[in-house]
Amino acid sequence: MIIGLPKETRPDEARVGLTPDGVKKLSKKGFKILVERTCGLNAGFPDDTYVMEGVELADARTVYSSEIVLKVHKPTQEEISLMKNGSVIVSHMEPYQKDGTLEKLAQAGIESLAMELIPRTSRAQSMDALSSQANIAGYRAVLEATNRYKRFFPLMMTSAGSSKPAKVLVLGAGVAGLQAIATAKRLGASVEAYDIRAEVKEQILSLGAKFVELDVGEEGSGQGGYAKELSVEAKKRQQSLLTERIKKSDIIISTANIPGRKAPVLITEEAVQGMRAGSVVIDMAAGSGGNCPLSEADRVVVKHGVTLVGFMNYPSMMAADSSAFYGNNLISLLGLVTENKDGKLKLNINLEDDIVAAALVTHLGDIRLKQV
């Protein structure tokens, strides 16, 4: 069975679907790997590191004609046209964006699995790309804040004077938020965090941060461990209560996202106006509308004396480790959609498997995803 590893074509993407170590693991399982030339270069993996693992280098057309294609991002219309009927593609699919990608895949008879739809269950942990990449993003976002903030993070006492620790507020305590808390604490900041899901309080406290409790009048826990969308009244109350808290913070790391929906506004313009000049807002939800209406996707702007960072792809800034983690997620999922039968590897799309059923977005010419 042939696996194709193409080069990512998005300008801001340095990751690759498999590292040389990942290729090695799959080769041992009996897969033949075709690698597009220079596909791993931006992640720090030149072609010779793949060749050393016995792979065959090829052009994009040859790679996309493989039985299974492994990518970071969804394929373009042109890339889909290079794929064979009955083949499989596994990548992030951005399934809720209605841009025709799923329709094109279905029309071409291509089986596609979306890594962002892997359920967050114990059995699926090794395949959970959202978590593996969010963990890296939370870490890298704090480093971005240290770079933009013109003061120390920790308490500093010297013969020339002293400085107080930076006050960091993390909004959203999912995987990215928890890693942001841990990283900011390691750097010596004074950290507090807020989440509408009361059950994460224990996790926040275990990392040494203070849990911000706000009574918005509703429970915020949704399905699958995610936060749910609040009512209009609860959103207004949340914004009002957060505004005063934000004004007292030096750094905001905002991670609040609701799958398939516009990001909730947590940081109002009034809150930004009340922050000290030189403060920093890292809006990790900028790509889905932003937790702050002043932030701009993939841009760094200064408004009311506050630096707002809207970068959308923090994992790409740490492409080597991000690629390694993501590749391991893909390898684990491949174990569910392939089988070794009589010494020969074959596809096995089993809809009785809850993980496969959740991630499979196009199958036998149909779109299985329920749009929201």
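Here a residue is buried when its relative accessible area is under 20%. The model shown in these views is predicted.

**View 1. An open, mixed sheet of 7 strands.** The strand order is E11-E10-E9-E12-E13-E15-E14. Pairing in this open sheet is mixed. Strands of a sheet pair through backbone hydrogen bonds, either parallel or antiparallel. At the edges stand E11 (210–211) and E14 (300–303). Each has a single partner strand, so one side of each lacks a neighbour in the sheet.

**View 2. Strand E12, covered on both faces.** In a regular strand the side chains alternate between the two faces of the sheet. On one side of E12 lie Ile 251 and Ile 253. On the other lie Ile 252 and Ser 254. All four of these residues, Ile 251, Ile 252, Ile 253 and Ser 254, are buried.

**View 3. E12 and its parallel partners, E9 and E13.** Strand E9 (residues 167–171) pairs with E12 in the parallel sense, over 4 bridges. Leu 169 stands opposite Ile 252 of E12. Strand E12 (residues 251–254) also pairs with strand E13 (residues 280–283), again parallel and over 4 bridges. Ile 251 has Val 280 of E13 as its bridge partner. For Ser 254, the bridge partner in E13 is Asp 283.

**View 4**

View 5. E12 and E13, paired in the parallel sense, are both touched by helix H6 (residues 129–148). H6 also touches E14 and strand E15 (306–309). The direction of H6 makes about 155° with that of E13.

**View 6. The aromatic pair Tyr 149 and Phe 153.** A search of the whole structure finds 2 aromatic pairs. In this one, the ring centres of Tyr 149 and Phe 153 are 6.2 Å apart. Their planes stand at 75°, so the pair is edge-to-face. Both Tyr 149 and Phe 153 are buried.

**View 7. The aromatic pair Phe 311 and Tyr 314.** The ring centres of Phe 311 and Tyr 314 are 6.3 Å apart. With the planes at 65°, this pair is edge-to-face. Phe 311 has 17% relative accessibility and therefore counts as buried. Tyr 314 is buried too, with a relative accessible area of 2%.

Definitions and conventions: Residues numbered from 1 in each chain as written. Predicted model: local features only at pLDDT ≥ 70, side-chain atom pairs only at ≥ 80, totals over all residues. Heavy atoms only, no water. Phe/Tyr/Trp six-rings, centres within 6.5 Å; stacked < 30°, edge-to-face > 60°. Buried < 20%, exposed > 50% of the residue type's maximum accessible area, 1.4 Å probe, protein only. Pairing = 2+ DSSP bridges. Helix = DSSP H or I, 4+ residues; strand = E, 2+ residues; numbered from the N terminus. Contact = heavy atoms within 4.5 Å. Axes fitted to C-alpha atoms, helices over the stretch in contact; angles between N-to-C directions.
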